[in-house]
Structure formats: C-alpha cells, structure tokens
Amino acid sequence: MRRSEAQPCYKILARVSTIQSQLMNQWGVLETLTPSEYVQFRHVLGPASGIQSFQHRIIEFMLGNKDPQMLAVFEHDPQAYAQVKAAFEAPSLYDEYLRFLARSGLAIPREVLERDVTTRHQRHPAIVATIKQVYQAPRTYWDAYELAEKLVDLDEAYALWRYRHLKVVSRIIGQKRGTGGTAGVGYLEQIAGRVFFPELWDVRTELEEAGPAP
C-alpha cells in the first residue's frame, strides 16, 4: 500500500478474508460447550484472556484501534512489548489507504494525513466526499474502489467475529464477569458495533440511486 502497489494488496486481503472465515468457524466448536460443562474447568483459566495476546493486539493496532492503555499489558515481556509498541506508533492500514488516495490525486485533508497516528481515526466529512467520488466513478479510480471493497470485507468479517464472540459468551456464561477482569457480555456489547474504516460505511448512505432509463 505504501508503495502504491494495489494489485498485490488484492491477493493479501483475499487471504485475510479466508483466514477470517476459519476463525469464525472456530466459534462453532466452542458453542458445543454447555454452561454446565464450562464451569467444570473455567477456574483453570484464571485471569487468562484474549486481551493478553500480543498478536491480536498488533492486529487491532494495525487496523486502527489504538488504545495506549493496552501497552501496559505487555510490559512484562520486552520482546512482545517492542512489537506491540511499534504497531501502536505506526500508521494504521486505513491511514495508509487514505495516503494512497492522496497520492492518486484525490482530496484528503492535510490534518488527516498529518494526524497523530497513535490515536483512533475520527470520521471526517471531506473523506466521505472523496470516497463518494471513487464509488461514482469506479472505472476511473479502480484501484481505490477495489481496495475500499476489500477493506469493507475485512471490517465486516471482524465485526461478525466480535458478534459471534458476544453470542457464544452470552450462551455459555450469561452475565458473569469475563476472563481477564473484563465485564464479559457487557464489554463485548460495547465493542461489537465498532468499525475500523467509518467513511467506507458512511458513503453508502451518500450514494444516490440511478434514475429510471429514458
């Protein structure tokens, strides 16, 4: 993406979608646990939580979910901490996409291009207008258009994975506190609706329907 080589990105993001499908299927295995079966070994998990996965945190940071408080989770492991911190301080995938659009001659506000990348991206109406331009002329901006759809595929699959997580946890432990000290279902409900690439979703509302043929 940084080299403005869109074609290889198509293949990489297609592979990501396949991996996401595999991850989604894993919930079906966990879903076979009944509440009675789960409580027999839950105590063995102790404070263990997916929050402690440095690989998952790197992915979240790469996708733009920047939260500085999460860095402290890995301070006990210098190697993992260094990798997580590097991802935290680097531009997200969406930052790189917006820079790609700017290099392609499309209008992206300077304050967006030069923003502090250690913070979460905030919706910007000017970006919606630019993305709308891409969607209205896909043949002219094919790479930007195709990449946008690949990113929406990724974002949607991630949201569905979070929702499946929420329902499996709700089914197995109800309203009990989650592992790692989280609020369990309550915490998962808060994050289930998040999106990483907001303007790619907002543009769908802005696109006008084609009129009837003369």
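Student: Which residues does Trp27 touch, leaving out residues up to four places away in sequence?

Tutor: This is a predicted model, where local features need pLDDT of at least 70, side-chain atom pairs count only at pLDDT 80 or more, and totals for chains, interfaces and linings use all residues. Residues are numbered from 1 along each chain as its sequence is written, and side-chain values use heavy atoms, without hydrogens and water. Contact means heavy atoms within 4.5 Å. On that basis the partners of Trp27 are Trp161, Arg164, His165 and Val168.

Student: Is Trp27 buried or exposed?

Tutor: Trp27 sits in helix H1, residues 6-30; helices are DSSP runs of H or I with at least four residues, numbered from the N terminus. Buried means under 20% relative accessible area, exposed over 50%, and partly exposed in between, using a 1.4 Å probe and protein chains only. The relative accessible area of Trp27 is 9%, so Trp27 is buried.

Student: Which helices do the buried residues of H6 pack against?

Tutor: H6 covers residues 93-103, and its buried residues include Tyr94, Tyr97, Phe100 and Leu101. These buried residues of H6 pack against H1, H7 (110-113), H8 (125-136), H9 (142-173) and H11 (198-206).

Student: Does Leu45 count as buried, partly exposed or exposed?

Tutor: Leu45 lies in helix H3, residues 42-45. Its relative accessibility is 34%, so Leu45 counts as partly exposed.

Conventions:
Helix = DSSP H or I, 4+ residues; strand = E, 2+ residues; numbered from the N terminus.
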